[in-house]
Amino acid sequence: MDKLLVTGGACLNGTIPISGAKNAALPILAASLLLTKPTQLHRVPHLRDVTTMIQLLRNMGLDLSYTPEKNRLDIHHATANHFVANYDLVKTMRASIVVLGPLLARYGQAEVSLPGGCAIGSRPVDLHLKALEQLGAQIRIEHGYIYASAKNRLRGADIVFEKITVTGTENILMAAVLAKGNTRLQNAAREPEVTDLAQFLNKMGAKISGIGTDTLEIEGVDELTGGDYTILADRIEAGTYLVAGVVTQGQVKIEGINPDLLTVPLQKLQDAGAVLSHGDDWISIDMRNKTIKPVDISTAPYPGFPTDMQAQFMVLNAIANGPSTLSENIFENRFMHVNELNRMGANIHLNGHLAICKGHSTFVGASVMATDLRASASLILAGLAAKGDTLIDRIYHLDRGYEMLEKKLNHLGAHIQRIKG
Ligand code: UD1
């Protein structure tokens, strides 16, 4: 298993590009199950989760070719002949659940392994299933699999999510675009990745309105065609590199990202003392010779502070010049990184969904273990800010979601080495 050796102390400086968003690429790839014509996707990040999704779609019979050097995916022929997402793939990537909606909509049948729990909590999919039933699907769960069918075409319905769910919204969108009649989906997730999927679907012939709001109206159509589409930039990757600039007291510019995707995290970086500037598709922070100030964080659905940035901001708060609190309101158990950060010198106490960060800490390199994707990112950030060497084990989590992580950070002056194992 590969490890990363991070030698701390470098002050990051320079410019790097932002890759396509993992969380937009995955549902858009799943949406290829709905298409009848060849399609080209651009800015598809080369990540383990993306290759897992490609594998899943190939297993279903789709003819795809991926050119990672160009971040281009060609969907040659999108007709599936096998409607199963098996446990072996789903257990490595929970987001596989997003094939359920499109399979049901186009083929009237799907067999998808239940994702089960994961490092950050139980993460049920009950809301996806309930909403699909409202669209007319019959669903039963047996032997750890979801067996879903819709003998006649799915039918539009009025659906109100009792809780905001990102992949749930995506599943229902993909199901409703080919349903008979109109669907209204209320309390929908407004995450930019949901918006990107909706825009993709519309470009392929769907009729979705209310995009970007919490009420999506979908008029079912008979078929989606194909075309060209460029995936949205990854706001979480962008935010992670900006925090890297802050915790190393450097100067970092990121390109290819609209700052409007990160309004709340950027405000927090400013509150932490960073000097920010931005254009339509770039953001730059300057933290040289400045004191890092603590910022209180409370995670919420978009446009609130993203839970996927909570771990990274905890690193910033650990070395800030005062105390802070981080409240995790989306997932029940998303503080796995705290023990490892404390082992590196942080002073963070947990009280239920609240992390209390004392601040004034100095990170010192240690051997640590990555537990999930964003927790791994926080260990890299702590390693960059630390004195000495940090050896991070189980970095396959990082490879799921950060494209060329060590290459990008090393380009900014970091010292990160991949140790093949
Ligand atoms: C997506 C993102 C993930 C991000 C999360 C929250 C992808 C591939 N992943 O995950 O990176 O951290 O949104 O922004 O886009 N819930 C239920 N029942 C359901 C569905 C969800 O109770 O049927 C709960 C979850 O347990 C959680 C909350 O709703 O507490 C939000 O989860 P959800 O938005 O569904 O997260 P994901 O879509 O899995």
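**Notebook: ligand shell, domains and local backbone**

I began with the ligand and found one of its nitrogen atoms 2.7 Å from an N or O atom in the side chain of aspartate 126, which falls under my definition of a polar contact, a pair of N or O atoms within 3.5 Å, where within protein one must be able to donate a hydrogen and the other to accept it, and residues adjacent in sequence count only if both atoms are side-chain atoms. I note that this is a predicted model, in which local features need pLDDT of at least 70 and side-chain atom pairs count only at pLDDT 80 or more, while totals for chains, interfaces and linings use all residues. Residues are numbered from 1 along each chain as its sequence is written, and side-chain values use heavy atoms, with hydrogens and water left out.

I then looked up the ligand's oxygen atoms: an oxygen atom is 2.7 Å from an N or O atom in the side chain of threonine 165, and an oxygen atom is 3.5 Å from an N or O atom in the side chain of arginine 334. The protein covers 87% of the 740 Å² of accessible area that the ligand has on its own, by the Shrake-Rupley method with a 1.4 Å probe, where for residues only the protein chains shown count as cover.

For the shell, I counted a residue as near if one of its heavy atoms lies within 4 Å of the molecule or strand in question. Of the 18 residues around the ligand, Leu127, Thr165, Thr167, Asp308 and Ile330 come nearest. By class, the shell has eight nonpolar, five polar and five charged residues, with Ala, Val, Leu, Ile, Met, Phe, Trp, Tyr, Cys and Pro taken as nonpolar, Asp, Glu, Lys and Arg as charged, and the others, Gly among them, as polar. Helix 5 gives the largest share, three residues; helices (H or I, at least four residues) and strands (E, at least two) are DSSP runs numbered from the N terminus.

Next I turned to the domains, whose bounds come from an automatic or database domain assignment. Domain 1 (3-18 + 233-419) and domain 2 (22-230) both give residues to the shell around the ligand, so the ligand lies between them. The C-alpha centres of the two domains lie 30 Å apart, and 25 residues of domain 1 are in contact with 21 residues of domain 2, contact meaning heavy atoms within 4.5 Å.

I also followed strand 5 (residues 72-77), taking two strands as paired if DSSP finds at least two bridges between them. Strand 5 runs antiparallel to strand 3 (residues 39-42), with three bridges, and glutamine 40 has aspartate 74 as its bridge partner. Five bridges join strand 5 to strand 4 (residues 63-67), again antiparallel, and in the hairpin of these strands asparagine 71 takes a positive phi near 55 degrees.

Last, I checked the backbone elsewhere: the peptide bond from tyrosine 302 to proline 303 is cis, with omega near 10 degrees, and proline 303 sits in the loop between strand 18 (297-298) and helix 10 (310-318).
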